[in-house]
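Here is a short briefing for a reader who is new to this structure. Start with the overall picture, then turn to the details.

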Amino acid sequence: VDTNVENARRAKQTRHKIRDSGLKLNHAKCIFGATELTFLGHIMSADGVKPDPRKIEAITKMPVPTSPAELQRFLGMVNYLGKFIPNLSDETAPLRALLKKGTEFLMQKPQIDAFEKLKRRISSVPVLQFYDPNLPTRIRTDSSSIGLGAMLEQRIDDSWHPIAFASRTLEKSEQNYAQIERETLSVVFGCERFHEYLYGREFIVHNDHQPLKTIFSKSIVQCPPRIQRFFLRLQKYDFSFEYAPGKTMKVADALSRASLPVVT
């Protein structure tokens, strides 16, 4: 059977059923003859299922560190996820060598190769996992002076595994926000970026800015105007907020400080 002819026949039958039911389709939002489709962070095609590049681009597009501080943040993130990476000490050795006292900080081919390999490690199985709507879910968000970072995780057996990563650079006006406003914005960013995973289910939000715990316990009318607007954007989500110490937030912190530019 010609698959194109069969596909056209089934599409026609489907359209007739939809018309007979009284429903209407928006033609601009319809795609016919697609060879692959994106759903819940997966790309499905005749070749099988693979992760949507968008959910890992915050890692894959992370720039090469240009200072010891940037490298330490990257390694902190890798170490947080290290329990899922075999031979982690060997993998990080070329990078850790740059942090030894008296060593000139120079990212050469061995270090860049190790950096790129580690990015691939933390953005693929067994570190990265597929989303399961039946598992406990949380997001971890953070804000720096220049960007926002967020990670979606699910508990598989006794361990929390990353499902997706996200980051973006703060706009110029957002960089002038008070710290508590930027941290609230990071929660909004995380929820909206992972909307397809979070909407309609309970989940937990972690952030290392302790004053947010007080803010999230207040009535919306008791909050400053900008935070009120953020809360309105969060009203459609069913989450509980939990403070998490900064030492446990290595991934979101690193993402917020190596954030991707805003695409307009």
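The protein's secondary structure comes to ten helices and eight strands. Helices (H or I, at least four residues) and strands (E, at least two) are DSSP runs, numbered from the N terminus. This is a predicted model: local features need pLDDT of at least 70, side-chain atom pairs count only at pLDDT 80 or more, and totals for chains, interfaces and linings use all residues. Residues are numbered from 1 along each chain as its sequence is written, and side-chain values use heavy atoms, with hydrogens and water left out.

**Overall dimensions and surface**

- The C-alpha trace spans about 75 × 55 × 40 Å along its principal axes.
- Of the 264 residues in the protein, 41% are buried. Buried means under 20% relative accessible area, exposed over 50%, and partly exposed in between (1.4 Å probe, protein chains only).
- The protein exposes about 15100 Å², and carbon and sulfur atoms supply 52% of that area. Accessible areas come from the Shrake-Rupley method with a 1.4 Å probe; for residues, only the protein chains shown count as cover.

**Contacts along the sequence**

- Take the contacts between residues at least 6 apart in sequence: 67% of them join residues at least 24 apart. Contact means heavy atoms within 4.5 Å.

**Annotated domain**

- UniProt, in an unreviewed entry, lists residues 132-237 as "domain: Reverse transcriptase RNase H-like". UniProt positions are given in the numbering used here, feature names are shortened, and annotations may be inferred rather than shown by experiment.
- The span 132-237 is 32% helix and 32% strand, and its end C-alpha atoms lie 18 Å apart.

**A nonpolar surface patch**

- Leu37, Phe39 and Met44 form a nonpolar patch on the surface, with about 280 Å² of accessible area together. Like charges are joined within 9 Å, and nonpolar side chains (Val, Leu, Ile, Met, Phe, Trp, Tyr) within 5 Å.
- Leu37 sits in strand S1 (residues 36-39). Leu37 is partly exposed, at 48% relative accessibility.

**Positive phi angles**

- Most residues other than glycine have a negative phi.
- Asn87 has a positive phi, near 55°. Asn87 lies in the loop between helix H3 (68-80) and helix H4 (88-96). Its relative accessible area is 57%, so Asn87 is exposed.
- Asp157 has a positive phi too, near 60°. Asp157 lies in the loop between strand S5 (147-156) and strand S6 (159-169). Asp157 counts as exposed, at 70% relative accessibility.

Notes. Patch = residues over 30% accessible without salt bridge, like charges linked within 9 Å, V, L, I, M, F, W, Y side chains within 5 Å. Salt bridge = Lys/Arg side-chain N within 4 Å of Asp/Glu carboxyl O.
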